Amino acid sequence: MQRRLAGALADMGVKRGDRVAVMTPNCPEVGLTYAAVWRLGAVTVPILFLLAQGEVEHILRDAEPVVVVTSPEFVGVGNASIAGIEPAPRVLIVGEASTDGAEAMTPLILSGREREAITDMSPDDIAGINYTG
């Protein structure tokens with residue numbers, strides 16, 4: 001499944017060095033997303049879903065992700081936090097149903113092409129950016 005998600009993310013334009021924010025509660029899709037992002041040589045940006053909207057907005061403005069992966073219960077905070085950010089990151093929602101302008105992850109995985117190749121990386125490349133309080 002991570003190879004299909006990697007293919008879907010690549011089709012969305014995610015490439016080596018791009019940032020992908022992940023703001024979900026603990027769920028299997030977190031590990032799946034990290035593996036797919038790293039397969040592309042992209043950078044994970046975990047965001048604690050308990051943060052206030054202003055804190056989420058600060059992280060998104062600073063990290064400049066091209067995609068934000070979130071869950072149905074946090075899509076509102078995600079959408080509000082990206083308002084005014086240009087270019088706006090695409091929002092990918094965990095699950096089967098699209099909502100509030102977010103694209104559903106499950107259909108992308110099920111219909112996606114597998115990304116077999118793993119992007120070559122340098123020891124100096126960044127794998128993740130963690131924001132702390």
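**Why these labels? A five-stranded parallel sheet**

Me: What makes this an open sheet, and what is the order of its five strands?
Reply: The five strands run in the order β2-β1-β3-β4-β5, with parallel pairing. β2 (43–46) and β5 (103–104) stand at the edges with a single partner strand each, so one side of each has no neighbour in the sheet. By the way, this is a predicted model, where local features need pLDDT of at least 70, side-chain atom pairs count only at pLDDT 80 or more, and totals for chains, interfaces and linings use all residues. Residues are numbered from 1 along each chain as its sequence is written, and side-chain values use heavy atoms, with hydrogens and water left out.

Me: Which way do the residues of β3 point?
Reply: Val67 and Val69 point one way, Val68 and Thr70 the other, and all are buried. In a regular strand the side chains alternate between the two faces of the sheet.

Me: What counts as a helix or strand here, and how many does the protein have?
Reply: Both are DSSP runs numbered from the N terminus: helices are H or I with at least four residues, strands are E with at least two. That gives five helices and five strands, running α-β-α-β-α-β-α-β-β-α from the N terminus on.

Me: Why is Ser81 called buried?
Reply: Buried means under 20% relative accessible area, exposed over 50%, partly exposed in between (1.4 Å probe, protein chains only). Ser81 has 0%, so it is buried. Ser81 belongs to helix α4, and helix α4 (residues 75–82) lies across β1, β3 and β4.

Me: What does Ser81 touch?
Reply: Contact means heavy atoms within 4.5 Å. Leaving aside neighbours within four places in sequence, Ser81 is in contact with Gln53, Val56, Glu57 and Leu60. A polar atom of the Ser81 side chain lies 3.5 Å from the backbone oxygen of Gln53.

Me: What makes a nonpolar core, and which residues of the largest one touch the most other members?
Reply: A core is a set of buried Ala, Val, Leu, Ile, Met, Phe, Trp, Tyr and Cys residues joined through side-chain atoms within 4.5 Å. The largest has 19 residues, of which Ala21, Val45, Ile47, Leu60 and Ile82 touch the most other members. α3 gives the most to this core, with four residues. A second, separate core of 18 residues includes Leu5, Val37, Leu92 and Val94.

Me: How do you know that the radius of gyration agrees with a compact globule?
Reply: The radius is taken over C-alpha atoms, and the globule rule is 2.2 Å times the number of residues to the power 0.38. With 133 residues, a compact globule would come near 14 Å, and the protein has 14 Å, so the two agree. The C-alpha trace spans about 35 × 35 × 30 Å along its principal axes, and 41% of the 133 residues count as buried.

Notes
Pairing = 2+ DSSP bridges. Axes fitted to C-alpha atoms, helices over the stretch in contact; angles between N-to-C directions. Polar contact = N/O pair within 3.5 Å; in protein donor to acceptor, adjacent residues only side chain to side chain.
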